[in-house]
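Dear colleague,

Please find below the structure that I am handing over to you, together with its sequence. My notes on what was found in it follow directly after.

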Amino acid sequence: MLTYFNLEYDEAENGVEALKLLRKRRDEQKESSSAPRYGLVFMDLSMPVMDGYDAIEALRQDDIDVPVIALTANALTRERNRALSLGADEFHTKPILRNDLHTICARYLDKDYRSDSSTPDALETDSSSETDAKG
């Protein structure tokens, strides 16, 4: 769905992969301020190997400063509170509507997100096809 808005993105299958990508990008930024950075992370909370909760907590402990949108099919208040307390910037249930996705991208990405770019704007974790946006 991010391609609908002409956004470049990387995808991770689990929290461990997401952290590797985020740490690599952070380290590249330390070496060169002109290195690309992620503008936004969509973090699925239910993933194998390392779930989104642990991944959010780890990236915040590593001082990785990027907006994180927690995504889950579970709309319980305690899940929302847990994700936000660990450092997620927002919490949304899946499937996410296209208009909601547009609003989130416009809020966090400091660019014209419809322009072409070879630099990934976002990192998306996806443990199922439920993250497909509809609208």
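In what order do the elements of the chain run from the N terminus on? The order is β-α-β-α-β-α-β-α-β, and the secondary structure comes to 4 helices and 5 strands. Helices (H or I, at least four residues) and strands (E, at least two) are DSSP runs, numbered from the N terminus.

Please note that this is a predicted model, in which local features need pLDDT of at least 70 and side-chain atom pairs count only at pLDDT 80 or more, while totals for chains, interfaces and linings use all residues. Residues are numbered from 1 along each chain as its sequence is written, and side-chain values use heavy atoms, with hydrogens and water left out.

**Confidence**

The mean pLDDT (the predictor's confidence in each residue, from 0 to 100) of the chain is 82, and 81% of its residues reach 70 or more. Among the elements, helix H2 (residues 52-61) has the highest mean pLDDT, 96, and strand E5 (residues 122-125) the lowest, 58. Over residues 112-119 the pLDDT is below 50; beyond near neighbours in sequence, this stretch has 14 contacts (heavy atoms within 4.5 Å) in the model. The pLDDT also stays under 50 over residues 129-135, where the model has 17 contacts beyond four places in sequence. Where pLDDT is low, the predicted coordinates should not be read in detail.

**The chain as a whole**

Of the 135 residues in the chain, 41% are buried. Here, buried means under 20% relative accessible area, exposed over 50%, and partly exposed in between (1.4 Å probe, protein chains only). The chain exposes about 7200 Å² (Shrake-Rupley method with a 1.4 Å probe; for residues, only the protein chains shown count as cover), and carbon and sulfur atoms supply 42% of this area. Among contacts between residues at least 6 apart in sequence, 69% join residues at least 24 apart.

Helix H1 covers residues 15-31. At the N-terminal end, Asn14 caps H1, with a side-chain oxygen 3.0 Å from the backbone nitrogen of Val16. Gly15, Ala18, Leu19, Leu22 and Arg25 are buried in H1. These residues cover an arc of only 135° around the axis (taken from the directions from the helix axis to the C-beta atoms), which puts them on the same side of H1. Lys20, Lys24 and Glu31, on the other side of H1, are exposed.

In helix H4 (residues 98-108), the buried residues are Leu101, Ile104 and Cys105. Seen down the axis of H4, they fall within an arc of 95°, so they line one face of the helix. An α-helix has 3.6 residues a turn, so residues three or four places apart point the same way. The cover over the buried residues of H4 includes strand E2 (40-44), strand E3 (68-72) and strand E4 (90-93).

Thr72 lies in strand E3 and is buried, with a relative accessible area of 4%. A polar atom of the Thr72 side chain lies 3.1 Å from the backbone nitrogen of Asn74. Not counting residues up to four places away in sequence, Thr72 touches Leu45, Phe91, His92, Thr93 and Lys94.

Lys94 is in the loop between E4 and H4; Lys94 is also buried, with a relative accessible area of 12%. The side chains of Lys94 and Asp44 are joined by a polar contact of 2.9 Å. A polar contact is a pair of N or O atoms within 3.5 Å; within protein, one must be able to donate a hydrogen and the other to accept it, and residues adjacent in sequence count only if both atoms are side-chain atoms. Pro95 is found in the loop between E4 and H4, and the peptide bond from Lys94 to Pro95 is cis, with omega near -5°.

**Positive phi values**

Most residues other than glycine have a negative phi, and most peptide bonds are trans. Val49, in the loop between E2 and H2, has a positive phi near 70° and counts as exposed at 69% relative accessibility. Asp63, in the loop between H2 and E3, has a positive phi of about 55° and is exposed, with a relative accessible area of 67%.

Yours sincerely

Definitions and conventions. The expected span of a helix is 1.5 Å times one less than its number of residues.
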